[in-house]
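Here is a short tour to follow with the sequence and the 3D view side by side. Please keep both open as you read.

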Amino acid sequence: MRSTRITIDLDALEWNFDCIRKHAPEQKILGLVKANAYGHGMVPIARALEMFGADMLGVALLDEAIELRRRGIAGEILILTPVETHEAELAVEHNVHIVACSLPQIEAVSNAASVSHVKVPMHLYVDTGMLREGFRPADALAAAQQIAAMQGVDLVGVCTHFATADDPASPFLRNQLEIFEQVVAKLEQAGFSFQYVHAANSGALWMDKQSHYTMVRTGLALYGYALGAEPYAALRPVMSVRSTINSFRHAWPGESVSYGQRYIVPTEATIATVPIGYGDGYMRALSGKGQCIISGKRYPIVGSVCMDELMVDLGTDLCSLEQEVVLLGGQMAPDGSHEHIDAIEIAERAGTIPYEIMTAFSERIPRVYSGRIATEIDIQGMRD
């Protein structure tokens, strides 16, 4: 195994799950494992969430749901983007929940389910302001009635998605919530009842309990972050990224480092090379902006981040080959102090969001799982 590695702390994942459970004690919890569980490893995280008591798992693609089924995940799975019409038979075969976003999509699933003599659970997706997919509020009741009249489908849920739940000052969440309330009330007045009513993502989870309904959808909070919310301090980041120093260069003032001569050494220094780069998902946008931790002390990442390596200016400090380098996570210094870099900080330096930082780390970095259930997850979750 290469020295560059991602460590996934399953105890931190369980802690975060319990925090969410305490905040939404009456609601079902949908744990998002799409995009390789935000870079944490889809199958092991899905296995862990099942063990912790998650009621449903959320994916973006049918392919993700199929992989979970292939790996033995038997619980409820909701595909959160529209299943394409040509995927209808496969969706029926793999026993998943589907968001109902358009009549052609629903009809394709209905036809496939009727042939197999099964009913596919559907969640009516109401577009309250994302303008991404789903039915407009004015069309929701007619859509529900058409779905109810079809064979092979069962309308078990209704949902929406907030555009600004990570911004406590935005009035748009309240506007979307009011629209969704009106749609749900209209549907119930028409005789519909739903097992799953859901709107709250990780941001709304902390901001507005009115948005909790019967189920909350949690992604970022599970993995240790809550943008713009007080409970951020209570959550524990699950992912850390570590590597080692694999070479040194003594640098003189005026010499340049890496591609494009983007960094000119200002004073005599030691430049360390670390075997991780943008091919691993450590973004090139962090060139000259990123930092790392060695022996509990921060150092600047200098020059252009390469595909497979990056360089660090150690100044006059002494370090050794194969010494640990922390790119994401924490490390203790010899004097007992502690330094930490989280995904929010990295995202701010790169001009993006923490979601992108975590999901960017590629599969060529091995994931190592730690915590009380790690052995069981490795055996059950990683097998072919």
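Which residue stands opposite His338 in strand 19? Met332 does. The model is predicted, so local features need pLDDT of at least 70 and side-chain atom pairs count only at pLDDT 80 or more, while totals for chains, interfaces and linings use all residues. Residues are numbered from 1 along each chain as its sequence is written, and side-chain values use heavy atoms, with hydrogens and water left out.

- Helices (H or I, at least four residues) and strands (E, at least two) are DSSP runs, numbered from the N terminus.
- Strand 18 and strand 19 (residues 338-341) run antiparallel and are joined by 4 bridges; two strands pair if DSSP finds at least two bridges between them.
- The two strands form a hairpin with 5 residues between them.
- In the turn, Gly336 has a positive phi of about 95°.

**Salt bridges**

- The structure holds 14 salt bridges, each being a side-chain nitrogen of Lys or Arg within 4 Å of a carboxyl oxygen of Asp or Glu.
- One of them pairs Arg2 with Asp280, and their closest N and O atoms are 2.7 Å apart. Arg2 lies in the segment before strand 1 (5-9) and Asp280 in the loop between strand 14 (269-274) and strand 15 (291-294), so the bridge ties together parts that are 278 residues apart in sequence.
- Asp280 is buried, with a relative accessible area of 0%, whereas Arg2 is partly exposed at 28%. Here buried means under 20% relative accessible area, exposed over 50%, and partly exposed in between (1.4 Å probe, protein chains only).
- Arg21 forms a salt bridge with Asp55, with 3.7 Å between the closest N and O atoms. This pair links distant parts of the chain, 34 residues apart: Arg21 is in helix 1 (residues 10-23), and Asp55 is in the loop between helix 3 (42-52) and strand 3 (56-59).
- Asp317 and Lys297 form another salt bridge, their closest N and O atoms being 2.6 Å apart. Asp317 sits in the loop between strand 17 (310-313) and strand 18 (324-332), and Lys297 in strand 16 (residues 297-302), so the pair ties together parts that are 20 residues apart in sequence.
- Asp317 is partly exposed at 23% relative accessibility, and Lys297 is partly exposed at 41%.
- Through shared partners, salt bridges join Arg2, Asp280, Asp308 and Arg364 into one network.

**Helix 8**

- Helix 8 (residues 172-189) has 18 residues and should span 26 Å at 1.5 Å a residue; its end C-alpha atoms are 26 Å apart, which agrees. The expected span is 1.5 Å times one less than the number of residues.
- Its buried residues are Leu173, Gln176, Leu177, Phe180, Val183, Val184 and Leu187. They cover an arc of only 125° around the axis, which puts them on the same side of helix 8; the arc is that of the directions from the helix axis to the C-beta atoms.
- An α-helix has 3.6 residues a turn, so residues three or four places apart point the same way.
- The exposed residues Gln182 and Gln189 are on the face of helix 8 turned away from its buried side.
- The buried residues of helix 8 pack against strand 6 (120-125), helix 7 (140-148), strand 7 (153-159), strand 8 (196-198) and helix 9 (202-207), where contact means heavy atoms within 4.5 Å.
- Gly191, with a positive phi near 105°, follows helix 8.

**The loop between strand 16 and strand 17**

- Ser304 is found in this loop and is buried, with a relative accessible area of 1%.
- A polar atom of the Ser304 side chain lies 2.9 Å from the backbone oxygen of Tyr259.
- Not counting residues up to four places away in sequence, Ser304 touches Val257, Ser258, Tyr259, Arg262, Arg284, Ser287 and Met311.
- Met307 is in the loop too, and is partly exposed at 43% relative accessible area.
- With the same exclusion of residues up to four places away, Met307 touches Gly277, Tyr278, Gly279, Asp280 and Arg364.

Methods:
A polar contact is a pair of N or O atoms within 3.5 Å; within protein, one must be able to donate a hydrogen and the other to accept it, and residues adjacent in sequence count only if both atoms are side-chain atoms.
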